[in-house]
Amino acid sequence: MNDPHDHDDDRGDAYDGEREAVAAPRLDHGSHGSRGLPAVAALVRLARSPAAWQAGAPELAEAAGPASLDELSRRAFFRLAGAGAVAAGLAACSSRPAREILPYANQPPELVPGVPLHYATGLVEDGFATGVLVASHEGHPTKIEGNPDHPASLGATRAIEQAAVLALFDPERARTITDRGVPAAWAAIEAMLAAAAARRGLGLHLVLEPTSSPLVIELVQRVRAALPAAGLTFWSPFTPRAQLAGNRLAFGRPLQTQLELGAAEVIVTLDADLVGEHPMALAYARRISDRRRVVDGDSAMSRLYAIEAAYTPTGVIADHRLRVRGSQIEHVAAELCAQLIRQGVRVPPIAQPLAGRAAVAERAHWIKVIARDLVRAAGRSVVAVGERQPPAVHAIAAAINTALGNVGRTVGFSEPVVFEAGQPSHDGPGLGGLGGLGVLVRAIEHGDVTSLLVLAGNPAYTAPADLGLAGAIARVATSLYLGLYDNETARACRFVVPALHDLEQWGVARAYDGTITPLQPVIEPLFSGSSVTDVLHRLLGDLPASAHDRMAAAWRRLMPEVPLDAALALGAVGGSALPLVAVDVAWDALTPVIAGAGTGEPPTLELAIRPHPFVHDGRYANNPWLLELPEPTTKLTWDNAAQLSPRTAARLAIDDGDVVALIVADQAAGGAVDRTIEVPAIIVPGHADGAITLHAGFGRDGGERIARGIGANAFALWTTAAGLHPPVTVVARGTRHALAVTQVTMRDDGRPLALSGTLSELGGDTLRAELARHRGPQPSLYAAFPAQGPQWAMSIDLTTCTGCTACVMACAAENNTPVVGKRQVLNGRVMHWLRIDRYVGPSGASGASGPSGPSGDDADEPSARVQPMTCQHCELAPCEYVCPVEATTHSPDGLNEMTYNRCVGTRFCSNNCPYKVRRFNWFDLKEHGGLRIAARNPDVTVRDRGVMEKCTYCVQRIRRAEIDARIADRRIRPDEVRTACQQACPAQAIAFGSLTDPVSAVVLHRRRPHSYAVLHDQGTVPRTQYLARIRNRNGALR
Amino acid sequence: MTAPTLPAEGVPPGVLPDVLVGRPSDAELSEQLLSTTWRPWTRGWKLAFAICGALTVNLFAMITLTVLRGIGVWGNNIPVAWGFGIINFVWWIGIGHAGTFISAILLLLEQRWRTSINRFTEGMTLFAVIQAAMFPLLHLGRPWFAYWLFPYPSVMGTWPQVRSALPWDAAAVTTYFLVSVMFWYLGLIPDLAALRDRAPARTRRILYGIFALGWRGSVQQWRHHKVAYLLLAGLATPLVVSVHSIVSLDFATTGLPGWHSTIFPPFFVAGAIFSGFAMVLTLMIPARRVFRLHNVITLRHFDAMAKLMLVMSWIATYAYVAELFVVWYSGDRYEAYQPLVNRPFGWYGWAFWVMVFCNCVVTQLFWSRRMRKNLTVLFAVALLVNLGMWLERFEIIVVSLSRDFLPSSWHIFVPTWVDLGILAGTLGFFGLLFLVFLRLVPFVPVSEMKQMRAEIVHDEVRP
Amino acid sequence: MTARYARSVARPAMLAEFASGEALLDGIRALAACGVSRFDAFTPYEVAGLQDMLGVRRSWLSWIVLAVALVAGGGAYLLQWWINVIDYPLDIGGRPYHSAPAFLPITFEMAVLFGGAAALFSALVLGGLPRLWHPVFEIDGFERATIDRFWLAVGASDTALDRVRATAAVEAAGALCVVWPATGGER
């Protein structure tokens, strides 16, 4: 029996509690002094600036009255932000040196109220930039889309980019410089920096995040020159290390692997989540999907073999998936290599002995088949390896790709994009040695470090546990942290300088392929933030020039041939990708590596720590949107959990939600120390046996009120000596923990919902007949209503959908759907309009030779089918005729419309919705006041308590397109309207358009033989149809 | 007049007593039946009143909470968007039906045994409908807009959407309540007049006098009263059938597996009368003892009601079985899943088996005449049937919703303490109204009893 | 026998109290034998045979109820039709504007509601109610007319009423008492 409103401080209430705090700022906010005034001040300053006056906009200056950001009303914020931005625009018209930020593609003559402008910039993670377009309403960013002209985005985004706009407006961001929690001024810090710079940097140590920014690199090199004695460490827990080390093994120098998946016919992934976790995931997902868009039975389709431990999005779209625990993938790689040699792949004689290696019995057939496929597609195949595999595996893959002649065609190698990547300054655990931070800690212990500058990341939290970095930092005389939050590192350091959010700063970063991405601020800094370059400049004693001027100057120096404005307008510098380098494998060095690969004895139970798909290494953990977003594999929200296979769970006699202690012995400490965390278990069908996967980024205990205390800290089990797959002991604690999963039942009970089949079956009649039963006209007693104008419809391709959940986040960001907190999620009250159903086990539409999933369908080898599910906009909508007050009705253009103002909240419509896609405002869920409301989309109504809501097909975008078309006196173009989910989808699995438009993508989709409607037999005539999940199965396997 | 003399229950075993024990004079009958309104308050009554009063206060506290914070304080969720609110609504309105059944249908069937209990049961109807009528309002997300379900010239030009079963509900429940009130009041007028002329205290006389409207039992008044009473009975009869049929259409008109069923209207009506009789027994057995009415409410009455409950129990059982057959015969996998898998073996399997025991098994005791005459057994069974019928609505509403078409959206429903508090509160409020009713008006129709007595005597004199 | 019910016994000339319905009927017979013909009676419940003896026809109230019910039902249907077809037609799940089956429940309920109201109120009005005071209430002992006494009344307008003969007749029939309200000396 759940108590509706005891406000104990459990995890579910973290968000609610925080919300109250935002509405009425508390003392701890107050202690930060100015309480956001700087932001307003900045806007006011801008609005009052001479530029604005010259441009003759006194009323703007009037509009920008003083206020405090916390008790700022939504309107007031718009007015201020609007005034600031308009002033910026006007200033552009004046003669003074340009300060303006440049709109994407075409610069508008003026800012049209109500019409968002899009600015191109980039979001950087671990040094890799993803190009985005930021929609800005009256001067404040409301929505982030992918930049089609950026190679790492191609127009798509991950959930993380979608949620960045909320992170920008996070009221808990660090707001002012503090000295041990007390507000301080730059003067104190400059004194510290001066002292640090003295004695040519002796006793000074800098910790930066891996960076690809030419601006930062330039400064770092100047620091190196000016302060040669200063220590320098680049730290981020999940930056690519093994790959570079592996390529060094193979080619003698650290190189970055670049995949050209568009040309790949056969792809074999070794624990590599190419479409989920890879820095290039968006582009890779797009390239892979482009080779897998099935039109009919004889479509050309690439084949994807996923060999992995956890069930990743890559595994979801794979044609064949083999469950292998992380530590054994090394064996698989070696066996594959040997098998290829046996099958005649040409390698230097020195490598011939490798062929002797035999495969483990149960997968020998697999290896043989895969090898055959690779050989068949030699030159058009790819073997990709993930970051959690040791260098040896990367080296083997490099050798295989070389031997198969893939290098130069589907696989390339470039110099690292990240500065000094692969160098000692980047070393981390898992590669032997202590890694860069280990060296730092040693130095601190020897008293060699007197001042420490931590200029990004959150090393005190993410560093390997055995280093005890937080304690070490505390021992440093003077330490400075530049960061967005009052997090673990901030609490260990003396000085804390608020950092600028990516959307607030000028800068440059490179994409994974090296493409140069200029960053421009889309809003004046909300708080008095600084960038890394600011601090480095001050360290070097430069006169602090304005960020824009510094950037412009540096740009002229680094890229004289490319005008900055052009680059800013496009969001990327075309052709600036790093060139591929010619390589040849050092076989003599490599042969013993391969021979010795995977000879070690595997532990009975091993642990793999992965970055969480949404909070990554914890840096996004204070973002309620991301915390409430269902994790793609487990559908878990507001938590992390130990994932393990049903068989392993049975062996350990633990069940979903049982709290277990994960114990890792720390050899570095002489095996004396047992590192233990307590975390609930969650059973994941399809997970490799004998392995536990745990997502990092939770169990935070910094000052972020939302992130704090949620989940368990995986880094506490991470030691320098542990390696990538440390043996782990599991002890059931006998207690239980409520897991807030958004999907309780994962088996589809044999129901024909997410249909699937194989390419060959699609050629045959059985599957076609089966699918035909799920579409076409249904008998009806009613005469069809006259259709006027376009008839909107959607089609979703289950073959390419990876279940990455970016669409869900995009939908929430576009449509202002509220966050409800853990307890409400537990009570089935999550408010997402779009959900991704995941079914494991036998596929629904089963006939003798009917559709079925890949690689077996029993509990141990399940096939996961994902199915984005949202309002189907039924033509004979069951929800409509049961509404007693005409609150949900049908529009002439085929939309199932909700009239919020008319809804009395009987919830009858939800009961009669066979797809259960309607969401109800059980409480007053919307935020009142606070900073976060600035992230709302002003084009979408914020729903009131007690009304029903649901997917609208992004009707606001449809109406916008209609208005534009009317203004331009033309018809709406095919595929002109794009829904938020469609726009975000990396795989472009969603098509949207009008059925009256013969060339629209949705119509083309519907002509395909595998287009079908869910619950077609219910006669609801849904406007959303699906393309059945088609697998390009290799007949030789089962 | 002194305390009424009560003929003892002189009933030879195996022989059913008459509907009236002894042949009290008009004066004695009047005294005995009218005096329930001015007899001194017993301790038992005060205790019951205190308990019900407390529960009623709790009810309105819960209602306030619900309206202030939102419907989220209940356990409802997606997919189980209807929970205790609608269960209680259907349950209470069903209970009301026995009252109308006894007072109207049995009147038309000229069943003498209905005479002494019809006002009692009709009162039960009214108070049950009052409980029921609260829920359609309370369960709304925005109860303050409930009037949008009724047609009125809105400035927005909008109207109710009458293809939905909910406006039908609104009309049916409103009609049912008003017609019941009118029927009840019309029968009450002669007795109010009697109280006007007999009640001890002057204030009472004045009050009763006002409500008696000046009734003096003239030929003309009796002439129209008789016809109007019969007509109201005639109208109430199809009405009572229509009301629960319409309630059942809230479910039957949807496509939800477990709701989408043409058997619902008759099935619901039978179930309603079933639970109603259970509630009549639950109330009457104590009331009869407290007010010492063994001569006018005799074992004959209980025997008849027990037989009717047995019949209704079999109708319900038949409906359960028929549903099983229909879904199996339909071959629809979604429909079949509900009664074949979800209800008996799903998350709420225990509730299903308890329901079967209460509604189908335990009532079989009434095959035995001895059991039908054993008030303890009757009372216990009545309570069980009340529970069973509540669980039946739970099965239909919550269990069906918790697992519908897409397994991805399946979710369990757990009631909050607000849900339970409101349910208990309505029981208390119902009891409170009933206790007041017992003290306010003669709950055995005096004039009708005297007339029946006259007829009995008449028949006895001239066989 | 010529006894009949007097439509206007607002001011009775004579009242007689009886202990039972049968006695009341005997009294009526006795008076009728004397040629008295304008009767009314006040009884705690319907006395079998009384209305037949007074030649009272069955109440025509049923026709009012029928008419009202038909009008109410028809009106309800028309309103629903007008709302959905004329005033504000909407595409509701592809259902036709004129969804006749869906209009029926409310039609029926409205017919019953207004029919029932008609029954109650016409019964009261035709029975001359509400009328809280009536001359007969002034007579001592009349309060038992609702408990266990049966009162016979003769209309003042009855010319055949002779005080002596009538008194004798009803007392012979078992009247407990006979009352001659002061009626302005009318005989």
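Helices (H or I, at least four residues) and strands (E, at least two) are DSSP runs, numbered from the N terminus.

The model is predicted, so local features need pLDDT of at least 70 and side-chain atom pairs count only at pLDDT 80 or more, while totals for chains, interfaces and linings use all residues. Residues are numbered from 1 along each chain as its sequence is written, chains are lettered from A and ligands numbered from 1 in the order in which they are written, and side-chain values use heavy atoms, with hydrogens and water left out.

Chain A holds 34 helices and 38 strands. Of its 1038 residues, 66% are buried, where buried means under 20% relative accessible area, exposed over 50%, and partly exposed in between (1.4 Å probe, protein chains only). Among the contacts in chain A with a separation of 6 or more, 76% are made by residues 24 or more positions apart, a contact being heavy atoms within 4.5 Å.

Several strands of chain A can be followed one by one. Strands of a sheet pair through backbone hydrogen bonds, either parallel or antiparallel, and two strands are taken to pair if DSSP finds at least two bridges between them. Strand β22 (residues 658-666) of chain A has eight of its nine residues buried. Eight bridges join β22(A) in the antiparallel sense to strand β23 (residues 673-683) of chain A, and five bridges, again antiparallel, join β22(A) to strand β25 (residues 729-736) of chain A.

Where chain B meets chain A, 59 residues from chain B and 59 residues from chain A take part in the contact. The area buried between them is about 5,100 Å², of which carbon and sulfur atoms give 55%; buried area is the accessible area (1.4 Å probe) that two parts lose on being put together, summed over both. The interface has one salt bridge, defined as a side-chain nitrogen of Lys or Arg within 4 Å of a carboxyl oxygen of Asp or Glu. This salt bridge is formed by B:D404 and A:K916, whose closest N and O atoms are 2.9 Å apart. On the side of chain B that touches chain A, α2 (43-69), α5 (165-198), α10 (333-345) and α14 (417-440) of chain B each supply at least two residues, and α2(B) gives the most, with five residues.

Chain C also touches chain A, with 11 residues of chain A in contact with nine residues of chain C. About 1,100 Å² is buried between chain A and chain C, 63% of it on carbon and sulfur atoms. Of the area that chain A buries there, A:Y782, A:F785 and A:E886 supply 54%, more than any other three residues. Between chain A and chain C there are zero salt bridges.

Some local backbone features remain. A cis peptide bond joins B:I78 and B:P79, with omega about 20°, and B:P79 lies in the loop between α2 and α3 (84-108) of chain B. In chain A, A:D271 has a phi near 55°, a positive value in a residue other than glycine, and A:D271 is buried, with a relative accessible area of 5%.
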